[in-house]
Amino acid sequence: MVQMNLQQRLEAGLAHHRAGRLREAEAIYRRILAEQPDFGDALHLLGGLAAQVGQHDAAIDLLTKAIATNPKVPVYHGNLGAIYQNITQFDKAIPELERAIQLDQQIAEPYYNLSSILTDQGELDRAIAVLRKGITFHPNWAELHNNLGIVLRTMGKYDQALASLKRSVALRPAYAEGHWSLGHLMLLVGDFANGWVEYEWRTKLPDIVRPRNFSPPPWKGEKLNGRTILLHAEQGFGDTLQFIRYLPLVLERGGRVVVECPLELGTVLRGVDGIAEIYTQGQTLPPFDTHCSIMSLPLTFGTTLQTIPAKVPYLNVPSDRVAAWRERLGEKDDRLRVGLVWAGGPQHKDDKRRSMRLEQLAPLSEVKSARFYSLQKGPPASQAAAPPPGMQLINWTDDLHDYVETAALMANLDLIISVDTSIAHLAGALGKPVWVLLPFAPDWRWMLNRADSPWYPTMRLYRQANPENWADVMAEVVRNLTKRGRS
């Protein structure tokens, strides 16, 4: 009778929990545990609540105790694995998720979580196996089809990936993450007409796009007739540098353009003609009549492969800063001046695939007709202190305080070689020759099976033929750089 009473009280606590009344739920769970400390379900639910409010250590302790009361309850293992996953302790998450699946193949979440970890760690074949098994038991679970599509895309199996992602959104038409994944793939394979539409679903994902609740209506491309439009940035610095190219098309609609952008880009965007005012994120915005995300401009203008606004340069650098760097560089000899960027920001979800280590650029030391300059910022910049043997690498990055200084130095270089990061976009926007080193599964904007970019006329793309194989990429770069140095 006491146990039944405890169970009823647990259900009452769970009702509060599901309704978001966390204090009430916690109080009930704790009273239950005061009476029966080994009540596994109460330990489990209190642990889940602790994880929900960011108390991960407490959550792990409570779920571990719950498992000790009954090690054969799959949801205990599954949720403990999910907590370890959230704090990136993947070595502890994987066995818990595998145990949950072993105990009950009918629970879908562990398949999803386990496949996500394996994908991030590059264990793509294992991830595929987990997902196919999960879909066998849960054929209508949209998240599993989405994950499968992402893994297949990463493996270069684009037709299969497209089928999986279309299945995902067919199963759940309002599944924003599935649509966003589908949009990425459609743009990658050149289906701009459908891709831009699907890409708009990112605005439903607050982890991707910060929600904006502006009072004025969004702009849909109509004539502005002198009204003020706010163009606001989102996502990465490279995204803003790439899509600010649409400014002349907006101005053709007859409006006054105000731009909101990250603090780091505020100065360099002053080099774009036609912006009336620039505000950095966090500043109080002026009155405006309508607004549009910079990333939504391709859809607004119905961009096709043939109508990409690709006139460069569309970004200007203050002449005094260019002159200052010209003086610092000194008199030009017959060697090429080549800027190098080997890594992006670690916060990028695909950084492990897109970034390199400076030591992987060692083959460049064979090119005696070039002198190299580091343009690398962030933690990987420290690698410039010990360049590969034989590489002359000049490192003035402590003086590259912002994108304007970087652009001014780049204006005096002959070539920039960069991985997929914002500096590649900066070089392209300046109209500088730039070679971009791409992973096997590239970001959507670089498309497939082409060495040029429709976005940047001065850009050349070097692609991995196999995952993680930078050696072949560098061999081709060395061959072409050697030829360029002789010409």
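1. A charge is taken to sit over a ring if NZ of Lys or CZ of Arg is within 6 Å of the ring centre and within 35 degrees of the ring normal. By that rule the charged end of Arg328 sits over the ring of Trp396, 4.6 Å from its centre. Arg172 likewise lies over the face of Tyr175, at 4.4 Å from the ring centre.

2. The model is predicted: local features need pLDDT of at least 70 and side-chain atom pairs count only at pLDDT 80 or more, while totals for chains, interfaces and linings use all residues. Residues are numbered from 1 along each chain as its sequence is written, and side-chain values use heavy atoms, with hydrogens and water left out.

3. A search of the whole structure finds 15 aromatic pairs. Rings of Phe, Tyr and Trp (its six-membered ring) pair if their centres lie within 6.5 Å; planes under 30 degrees apart count as stacked, over 60 as edge-to-face and the rest as tilted. Trp196 and Trp444 form an edge-to-face pair, at 5.6 Å centre to centre and 90 degrees between the planes. Trp196 belongs to helix α12 (residues 192-199) and Trp444 to the loop between β9 (434-438) and β10 (459-463), so this pair ties together parts that are 248 residues apart in sequence. Helices (H or I, at least four residues) and strands (E, at least two) are DSSP runs, numbered from the N terminus.

4. Trp196 is buried at 3% relative accessibility, and Trp444 is buried with a relative accessible area of 3%. Here buried means under 20% relative accessible area, exposed over 50%, and partly exposed in between (1.4 Å probe, protein chains only). The rings of Trp219 and Phe301 have centres 5.8 Å apart and planes at 65 degrees, so they too are edge-to-face. Trp219 lies in the loop between α12 and β1 (228-232) and Phe301 in the loop between α15 (297-300) and α16 (319-329), so the pair ties together parts 82 residues apart in sequence. Both Trp219 and Phe301 are buried.

5. Ring pairs link a cluster whose members include Trp196, Trp219, Phe301, Trp444 and Trp455. The largest nonpolar core has 121 residues, and Leu231, Val250, Val268, Leu269, Leu375, Leu426 and Trp455 have the most contacts inside it. Such a core is a set of buried Ala, Val, Leu, Ile, Met, Phe, Trp, Tyr and Cys residues joined through side-chain atoms within 4.5 Å. Helix α11 (residues 176-188) gives the largest share of this core, seven residues. A second, separate core of 27 residues includes Leu358, Phe372, Trp470 and Val473.

6. An open sheet of four strands runs in the order β3-β2-β1-β4, with parallel pairing. Its edge strands, β3 (277-280) and β4 (290-293), each pair on one side only. Two strands pair if DSSP finds at least two bridges between them. β1 and β4 pair in the parallel sense over four bridges. Within that pairing, Ser293 in β4 is the bridge partner of His232, and Leu231 stands opposite Cys292.

7. In a regular strand the side chains alternate between the two faces of the sheet. From β4, Thr290 and Cys292 point one way and His291 and Ser293 the other way, and all are buried.

8. Asp91 lies in helix α6 (residues 90-103) and is exposed, at 60% relative accessibility.
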